[in-house]
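I opened the model today to look up a few local features. My notes follow, in the order I checked them.

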Amino acid sequence: MSLSLRFAAGSHKGMIREGNEDSGYAGPRLLAVADGMGGQAAGEVASSEVLSTIVELDEDVPGADLLDALRSAVDRANDRLRVMVDDDPQLEGMGTTLTALLWTGSRLGLAHIGDSRAYLLRDGALEQITQDHTWVQRLVDEGRITEEEADHHPQRSLLMRALDGRGHVEPDLSVREARPGDRYLICSDGLSGVVSRETMEGTLLTYPNPNDAVQELIQLALRGGGPDNITCIVADVVDPSDQPSDSPIVVGAVASIVDDTTTLPTTPASRARELTAGEYETEALVSEPGSRRKPKPKSTLRRTLPIWGGVAVLVAALGGAYYWTQTQYFVADKGDHVAIYRGIDSKILGLNLASTYQSYDDVKLTMIGQTNRDAVNSTLDAASLTEARHTIDRLKRQADVCRRAYAADDAKKVEGVPGAQPAGSVDLFPQQNLGTPAALQTNAPVGKHTPTTASRSGRSSAPPTEPGSKGRGLSTTSPSAPAGSAPPSSAPPATAPEAPGSGLTAEEADLAKQCYPRPPGTTGTN
């Protein structure tokens, strides 16, 4: 079944740009948008030359292999840019995107490179049928950010692929089957970056005439601030008997400079210029005072990694790497307790890539057991924030078990000792004079231990110890007794004591084993 197209095209320089670097072409068999960029000559030269090269596809009915025809045309266009740069080094750095649809019968071939877009409106729903070749789109594809975050990402305009004459470039190529009633939209990012997909869908459904739809879409982009050049083509798939379009339309930079170049006079673009001059361009917001001018560079650094070379690659890599670090989480110590950190435990060029996300003052390092303490000192990586919180919950439970075990331990130590201090106090029993420091040979309570960790970089993996203590527990002591009495012949056990009445379940009893050896200065209340 043979089908035809009814189309319209329009372009505008926007509210900020000095000139229009977009180019658009709409013909009976070819629809194409090119968004130029970069270089001392700006992008209008690149976009114009690329379209003037591929417009040859509209001359004849394409053969059986649409994709070969498109691939060859893209290669010729890229070669054309390379020759121009070789002849005039001042053109170094120019480049352009390209999104093109080549039509035959009921099939169309799609060639795409860059961040201009093609959409299909079918059965009342608008679908994007191209994928942006941008750094941000790569982050979306890898699941690092969402599509909503991509819409506002500061690096959303960095291109990964473009036509710039710097060697071979591989476009995305595909073939689609068309249906009567389908409506295609091809546009530069001056439209898609400003007007939401929902708004574009509503506009395409509201305006049945392609020209009216084009005008409204451009006005919507201008009302949205018009920060970039705006170019769009709307084409309806119709039966050949239903008044299809037969006259090509040229808009944007390629229409503005067509009289000044020797590459266009024998092409459909030049004939389209003659057919539409003074008529469609005004209607489509194309003609603008001073648009025919010597090309100038854009006022701000615009886009592409291929265009801007090593500096842009470095900036994009560092920016992307830093953004990725801020999606990572880990658990580590912060002073005498634990915390969740956002980022990675490292520095780049003096920049600390980790910051405190949430501190947990009640989860003390002294209360989570030696194994957990060592792990926290070395950082516990987490696959997500949820996993980091699960780790905190586990440490909280361990701290609660140790606190209860220590309380039961303290209570057992003071059973039957007249005048003993209440359970839970610090260092209830004086040390025996077995070579321990003098401060520990009196009945005065020993002060609590204070962890020495004050910063991420100064964190030590060694757990705190009391001067003169053995391993991780206090040295063996005897209960207090009146002066001159003999010390008892046995000392409290150095391993986890059984704690009748502590209320520990069997599972918690296993966790309690991790609480020993018990850090010096700990009680059932800290």
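Is Thr379 buried or exposed? I found Thr379 buried, at a relative accessible area of 17%. Here buried means under 20% relative accessible area, exposed means over 50%, and partly exposed is in between (1.4 Å probe, protein chains only).

Ground rules for these notes. This is a predicted model, where local features need pLDDT of at least 70, side-chain atom pairs count only at pLDDT 80 or more, and totals for chains, interfaces and linings use all residues. Residues are numbered from 1 along each chain as its sequence is written, and side-chain values use heavy atoms, with hydrogens and water left out.

**Overview.** I counted 14 helices and 16 strands in the protein. Helices (H or I, at least four residues) and strands (E, at least two) are DSSP runs, numbered from the N terminus. Of the 526 residues, 51% count as buried. I then looked at contacts, meaning heavy atoms within 4.5 Å. Among contacts in the protein with a separation of 6 or more, 71% come from residues 24 or more positions apart.

I went back to Thr379 for its backbone. Its phi is near 75 degrees, a positive value in a residue other than glycine. Thr379 sits in the loop between helix 12 (369-377) and strand 16 (380-382). Asp123 also has a positive phi, near 55 degrees, and is not glycine. I placed Asp123 in the loop between strand 7 (117-122) and strand 8 (125-128). Asp123 counts as exposed because its relative accessibility is 74%. Next I checked for a cis peptide bond, and one joins Tyr516 and Pro517, with omega about 5 degrees. Pro517 falls in the segment after helix 14 (506-513).

**Helix 7.** How many residues of helix 7 are buried? I got 10 of its 14, so the helix is mostly covered. The buried residues include Pro210, Val214, Leu217, Ile218 and Leu222. Asn211 and Gln215 are also among them. I checked the length of helix 7 (residues 210-223) too. At 1.5 Å a residue, its 14 residues should span 20 Å, and the end C-alpha atoms are 20 Å apart, which agrees. The expected span is 1.5 Å times one less than the number of residues. At the N-terminal end, Asn209 is the cap: a side-chain oxygen lies 2.8 Å from the backbone nitrogen of Asn211. Just after helix 7, Gly225 takes a positive phi of about 115 degrees.

**Helix 13 against helix 14.** For a packed pair, I noted the angle between the axes and the distance between them. Helix 13 (residues 385-413) packs on helix 14 at about 85 degrees, with the axes 9 Å apart. Helix 13 is therefore roughly perpendicular to helix 14, a label for angles of 65 to 115 degrees. Helix 13 makes the contact with Arg397, Gln398, Val401, Arg404 and Ala405. Helix 14 brings Glu507, Glu508, Leu511 and Ala512. By class, I listed four nonpolar, one polar and four charged residues in this contact.

**Tyr323.** I ended on Tyr323, in helix 11 (residues 305-325). Tyr323 counts as partly exposed because its relative accessibility is 26%. Which residues does Tyr323 touch, not counting those up to four places away in sequence? I found Arg144, Ile145, Glu149 and His153. Tyr323 and Leu139 are 184 residues apart in sequence, but 9.9 Å apart in space, C-alpha to C-alpha.

Conventions:
Axes fitted to C-alpha atoms, helices over the stretch in contact; angles between N-to-C directions. Parallel < 35°, antiparallel > 145°, perpendicular 65-115°, else oblique. Nonpolar A, V, L, I, M, F, W, Y, C, P; charged D, E, K, R; others polar. Polar contact = N/O pair within 3.5 Å; in protein donor to acceptor, adjacent residues only side chain to side chain.
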